[in-house]
Amino acid sequence: MVIAWFASNRSLSKQKDDLLAQQRAAVTTVGAEWAPLRDKIEKLTLDAAADPYKGDMVDPEAANWDFRSAPGIYLRLRKDDAKDVETLRKRAQDSVKDAFTGCLLRETNVALARGEPDAGTAPDQPWNLRQAYVATRVLSDAWANEVKAADDPIRLRVFEQQYEKAKRDGIPLAIDIVKRAQFYLLVLDEDVPEANEYTVDGGAVTSEELQQVPHPARVHIMNLKTGKELVRLRRTGEADFRFAGERAVHDPEVRAAMRRQVNNCALANEVWSAIQPKHAP
């Protein structure tokens with residue numbers, strides 16, 4: 001039994017070494033390109049969330065650059081969730097695309113054209129920053145430390161499968177993001193007491209609740225190729241909807257989605273009006 005244990009332990013150690021060797025190779029290639037982009041984005045996000053607000057700014061380049069049809073990266077979260085890198089990365093896992101991107105970027109979006117609730121989540125572009133974090137998790141020191149701590153073949157097999165999936169799907173996505181993303185679009189929602197009405201069991205306010213009510217939002221656009229901030233705006237999107245005839249919707253989740261959609265589209269129109277006032281919808 002002792003001999004068998006030693007043999008098993010050596011085999012497990014070798015499997016770990018092989019997996020970590022693959023991971024280190026990916027870190028030196030993909031990671032070397034992703035890390036600077038990640039750090040640049042995170043710094044802009046933390047700076048944007050700092051108080052006091054620096055004031056509105058629209059660089060003339062923004063009006064002349066067709067970023068709305070270019071590939072980019074998007075993140076939306078509460079301003080108070082962007083206080084430090086650790087919290088930012090954690091809260092970014094809950095970030096999703098919404099009608100703000102669908103209305104601002106004017107992408108082909110069949111679901112949005114049909115008026116489906118929260119249809120702004122449908123387009124492939126822009127990439128959500130959450131996707132990049134997930135795609136590159138296997139490149140992190142935290143993931144490598146978890147592999148080192150694996151104490152049985154079954155647990156190690158889970159990490160091997162994670163790496164295989166990342167190599168097949170996540171890492172190519174990360175490479176695509178690094179190579180192709182041209183802009184970073186950031187929206188930071190500021191808390192207002194009216195959002196408390198929509199919280200679950202009186203819990204903490206989330207970005208989804210804030211999107212249901214008029215509230216100030218900070219919108220930033222950065223040119224990722226030059227590192228230049230092109231747009232810094234603080235706007236409030238406010239709109240309403242009316243039902244025609246007898247087709248009123250009473251489902252609370254659908255109504256919440258509709259409130260988010262009309263407010264987010266209103267915010268997008270406010271932002272575009274500031275960028276290109278002569279061509280605003």
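Cys 265 is buried, with a relative accessible area of 17%, where buried means under 20% relative accessible area, exposed over 50% and partly exposed in between (1.4 Å probe, protein chains only). The structure is a predicted model, in which local features need pLDDT of at least 70 and side-chain atom pairs count only at pLDDT 80 or more, while totals for chains, interfaces and linings use all residues. Residues are numbered from 1 along each chain as its sequence is written, and side-chain values use heavy atoms, with hydrogens and water left out.

Cys 265 is joined to Cys 103 by a disulfide, with an S to S distance of 1.8 Å; a disulfide is a pair of cysteine sulfur atoms within 2.5 Å. Cys 103 lies in helix 4 (residues 99-104) and Cys 265 in helix 10 (residues 252-275), so the pair ties together parts that are 162 residues apart in sequence. Helices (H or I, at least four residues) and strands (E, at least two) are DSSP runs, numbered from the N terminus. The count comes to one disulfide. Cys 103 is also buried, at a relative accessible area of 8%. Leaving aside residues up to four places away in sequence, Cys 265 touches Ala 99 and Cys 103, contact being heavy atoms within 4.5 Å. The C-alpha atoms of Cys 265 and Asp 98 are separated by 9.3 Å, although these residues are 167 residues apart along the chain.

Strand 4 (residues 183-189) is mostly covered, with seven of its seven residues buried. In a regular strand, side chains alternate between the two faces of the sheet. In strand 4 both faces are covered: Phe 183, Leu 185, Val 187 and Asp 189 are buried on one side, and Tyr 184, Leu 186 and Leu 188 on the other. Strands pair if DSSP finds at least two bridges between them. Strand 2 (residues 72-78) runs parallel to strand 4 and is joined to it by seven bridges, with Arg 78 opposite Asp 189 of strand 4. Strand 5 (residues 216-223) runs antiparallel to strand 4, again with seven bridges. The bridge partner of Leu 186 in strand 5 is His 220.

Helix 10, which holds Cys 265, also gives the most to the lining of the largest cavity, with three residues. The residues lining this cavity are Arg 76, Gln 211, Val 213, His 215, Gly 237, Asn 263, Asn 264 and Leu 267.

Methods. On a 1 Å grid over the protein atoms alone, a cavity is a set of points where a 1.4 Å probe fits but cannot get out, and a pocket is an open set with protein on both sides within 12 Å along at least five of seven lines; lining residues have an atom within 4 Å of a point.
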